[in-house]
Amino acid sequence: MEKIILGKDAGDLKKYGDLGTAMIGRHIVGTGEDAHLTNYVYVDVSRPHVILVCGKRGTGKSYSAGIFVEEIGRLPDSIKENLAVLLIDTMGIYWSMKMPNERDAEILKRWNLKPQALDAKLFVPVSFKDEYEESGIDVDATFSFSPMDLTSTDWIITFGFSPIDEHGIAIERIIKKVKEKMKDRYGIDDIIDAIMADERIEKRIKDSLANRFSAAKEWGIFSDEGLVVDDLLAPGQISILDISHFTRTSGAWSVRGLVVGLLSSKIFTERLMARKKEEYGLMTGQMKKTIPMVWIMMDEAHQFLPAEGETAASGPLLTLIKEGREPGISLLFITQMPNKLHPDALSQADLIMSHRLTSAKDIKALSSIMQTYMLGDIQDYINDLPRMKGAAILLDDNSERIYPIQARPRLSWHAGGSPCAIKEKGLLDEE
Ligand SMILES: Nc1ncnc2c1ncn2[C@@H]1O[C@H](COP(=O)(O)OP(=O)(O)O)[C@@H](O)[C@H]1O
Ligand SMILES: [Mg+2]
């Protein structure tokens with residue numbers, strides 16, 4: 001049966017065929033009673049892309065994102081070693097991918113697939129390691145940042161201030177002072193000392209800032225060492241970065257935004273340098289070791305890159321969206337509400353995988369990647385989807401076509417389903 005391959009241009013398709021692609025599911029032909037599964041559908045993962053996965057709650061978004069991760073994990077070594085995956089886990093569900101999906105062995109068989117554990121590394125914030133291990137989850141590594149990694153704007157946005165309010169202005173001033181005085185070695189306590197010692201800042205502001213900076217120590221993400229990007233982005237490595245924890249600290253999403261923002265900008269600069277080395281290697285034949293191309297994936301993307309307002313991740317993510325192609329950075333955004341996601345993420349997406357959506361505003365948002373189709377068409381395709389978990393439409397910017405598909409079952413365990421009071425008999429839950 002002919003394969004449907006999306007996301008490759010004609011040149012790559014001719015040269016590489018289905019090499020470097022992810023098998024996502026099967027094409028659905030016909031509607032209602034007549035609907036049946038036909039050709040297998042593949043999506044390119046070997047070149048930089050921006051992919052958006054959306055759909056209402058419980059329609060299979062997180063599950064589908066996991067399929068992309070598994071497929072990258074299954075690529076031949078010669079391709080895989082040029083890639084690294086960074087899966088930003090906002091709900092703490094993806095660690096389960098390290099277990100095989102035994103409960104769906106029967107269903108997998110029908111797809112000629114077998115349960116298989118994912119070879120991945122789980123990274124948790126440095127201060128939460130023990131807590132994880134106490135609950136029986138194996139942690140492979142921790143991540144942390146140095147307070148010096150943060151610009152004054154990072155602090156201002158994460159604390160929820162504005163660069164032009166009195167708190168924002170004071171932070172700008174203090175960080176500049178601390179940097180000048182301490183050069184390249186300072187911690188949060190040095191920042192607090194500098195605040196208290198500053199004569200130009202009012203007492204009221206001083207106290208509130210000192211409080212904020214003290215609270216930042218509780219975020220659990222700071223250490224003296226700071227971040228080593230190479231550990232996260234080893235060739236062929238799939239890194240699951242759990243940032244679900246900050247629920248207890250106030251402003252959980254702003255801390256998550258900070259983490260994503262810091263990572264994104266570090267990865268961008270590292271990949272820019274790597275790209276230079278690679279070009280140099282091509283010209284001279286002297287290949288140097290570099291960090292691989294990166295896939296950054298995140299759930300709840302509208303929380304990081306909202307259509308309205310700004311988070312500490314907004315700027316860095318927009319840079320990746322606009323300039324990430326050249327340094328080889330791919331993005332996969334998951335959201336329930338495409339309408340709430342920054343319009344640049346939508347307009348730059350070259351592939352959208354949309355599970356069932358009902359809000360007209362959200363469906364309208366999707367039409368921004370494709371001029372060929374009218375809003376009504378997209379709506380019709382979504383309405384015609386069988387009411388099965390994992391049914392979705394793929395909007396491919398390259399071919400300007402829409403494909404209804406059934407996403408394939410997962411090889412590895414998915415922990416994200418909603419709990420059910422009626423105990424299952426081993427069948428997949430139907431909606
Ligand atoms: N392709 C699929 N095949 C079979 N079951 C699926 C598929 N996609 C999702 N499901 C089922 O639907 C449930 C909800 O999917 P999930 O991805 O967690 O939803 P959400 O859209 O809220 O992220 C999963 O736990 C799984 O049981
Ligand atoms: Mg989900």
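How do the residues of the shell around ligand 1 divide into nonpolar, polar and charged?

Modeller: Four are nonpolar, nine are polar and four are charged. Here Ala, Val, Leu, Ile, Met, Phe, Trp, Tyr, Cys and Pro count as nonpolar, Asp, Glu, Lys and Arg as charged, and the others, Gly among them, as polar. One caution: this is a predicted model, where local features need pLDDT of at least 70, side-chain atom pairs count only at pLDDT 80 or more, and totals for chains, interfaces and linings use all residues. Residues are numbered from 1 along each chain as its sequence is written, while chains are lettered from A and ligands numbered from 1 in the order in which they are written.

Now the shell itself. Ligand 1 is surrounded by 17 residues. A residue is near the ligand if its C-beta atom, placed from the backbone, lies within 6 Å of it. The closest are Gly-60, Tyr-63, Gly-390, Gly-416 and Gly-417. Helix H2, residues 61-73, gives the largest share of the shell, with three residues. Helices (H or I, at least four residues) and strands (E, at least two) are DSSP runs, numbered from the N terminus.

Next, strand E10. It spans residues 329-335, and seven of its seven residues are buried. Buried means 20 or more other C-beta atoms, placed from the backbone, within 10 Å of the residue's own; exposed means 12 or fewer, partly exposed in between. Both faces of E10 are covered. One side holds Ile-329, Leu-331, Phe-333 and Thr-335. The other holds Ser-330, Leu-332 and Ile-334. Strand E4 (residues 50-54) runs parallel to E10, joined by five bridges. There, Cys-54 stands opposite Thr-335. Strand E9 (residues 293-298) also runs parallel to E10, again with five bridges. Met-298 has Phe-333 as its bridge partner in E10. Two strands pair if DSSP finds at least two bridges between them.

Now helix H6, residues 152-159. Six of its eight residues are buried: Asp-154, Trp-155, Ile-156, Ile-157, Thr-158 and Phe-159. These buried residues pack against helices H7 (166-182), H9 (203-216) and H11 (252-284). Just after H6, Gly-160 takes a positive phi of about 85 degrees.

Last, the domains. Domain 1 covers 4-139 + 226-407, and domain 2 covers 147-219. Those bounds come from an automatic or database assignment. Their centres, taken over C-alpha atoms, are 35 Å apart. 13 residues of domain 1 are in contact with seven of domain 2. Contact means C-beta atoms, placed from the backbone, within 7 Å. On the domain 1 side, six of the touching residues are nonpolar, six polar and one charged.

Notes: Two residues are in contact if their C-beta atoms, placed from the backbone, lie within 7 Å.
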